[in-house]
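Look at the chain below, then read on.

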Amino acid sequence: MSVRKVDHINPDGVTIIIDWSLLLPGMSVFVPCLNFERGKKQITDITGRQRITTDIKITTHEGALGLRVWRII
């Protein structure tokens with residue numbers, strides 16, 4: 001098992017890298033995962049440190065289940 005870097009998430013064990021600085025208010029990103037609670041916690045920890053306000057919902061995208069993260073003002 002590898003060590004997770006500070007701004008990377010791995011809710012299901014696979015590292016997902018999101019460049020949070022590119023996510024502007026009104027934009028969203030889909031994070032495919034099944035472990036929703038762990039994914040939400042990792043995302044809120046990262047965005048909280050960076051003072052980014054987000055809204056996170058469980059959803060599907062092109063048949064994949066995961067989290068949709070919207071950056072809000």
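Ile58 counts as partly exposed, at 44% relative accessibility. Partly exposed means between the two cut-offs: buried is under 20% relative accessible area and exposed is over 50%, with a 1.4 Å probe and protein chains only. Ile58 lies in strand β4. Helices (H or I, at least four residues) and strands (E, at least two) are DSSP runs, numbered from the N terminus.

This is a predicted model, in which local features need pLDDT of at least 70, side-chain atom pairs count only at pLDDT 80 or more, and totals for chains, interfaces and linings use all residues. Residues are numbered from 1 along each chain as its sequence is written, and side-chain values use heavy atoms, with hydrogens and water left out.

Ile58 also belongs to a surface patch. Together with Leu34 and Leu65, Ile58 forms a nonpolar patch with about 290 Å² of accessible area. Patch residues have over 30% relative accessible area and no salt bridge; nonpolar side chains (Val, Leu, Ile, Met, Phe, Trp, Tyr) are joined within 5 Å, and like charges within 9 Å. The areas come from the Shrake-Rupley method with a 1.4 Å probe; for residues, only the protein chains shown count as cover.

Now the helix. Phe36, Gly39, Gln42, Ile43, Ile46 and Thr47 are buried in α1. They sit on the same side of α1, because they cover an arc of only 135 degrees around the axis. The arc is taken from the directions from the helix axis to the C-beta atoms. The buried residues of α1 pack against β1 (8-9), β3 (28-32), β4 (53-61) and β5 (64-72). After α1 comes Arg51, with a positive phi near 55 degrees.

Which residues pair by charge? The whole structure holds 3 salt bridges. Each is a side-chain nitrogen of Lys or Arg within 4 Å of a carboxyl oxygen of Asp or Glu.

| Pair | N to O distance |
|---|---|
| Arg49 and Asp7 | 3.5 Å |
| Lys41 and Asp45 | 3.0 Å |
| Lys57 and Asp55 | 3.9 Å |

Lys41 and Asp45 are 4 residues apart in α1, about one helical turn.

Val6 is in the segment before β1. Val6 is exposed, at 56%. Beyond its neighbours within four places in sequence, Val6 contacts (heavy atoms within 4.5 Å) Ile46 and Arg49.
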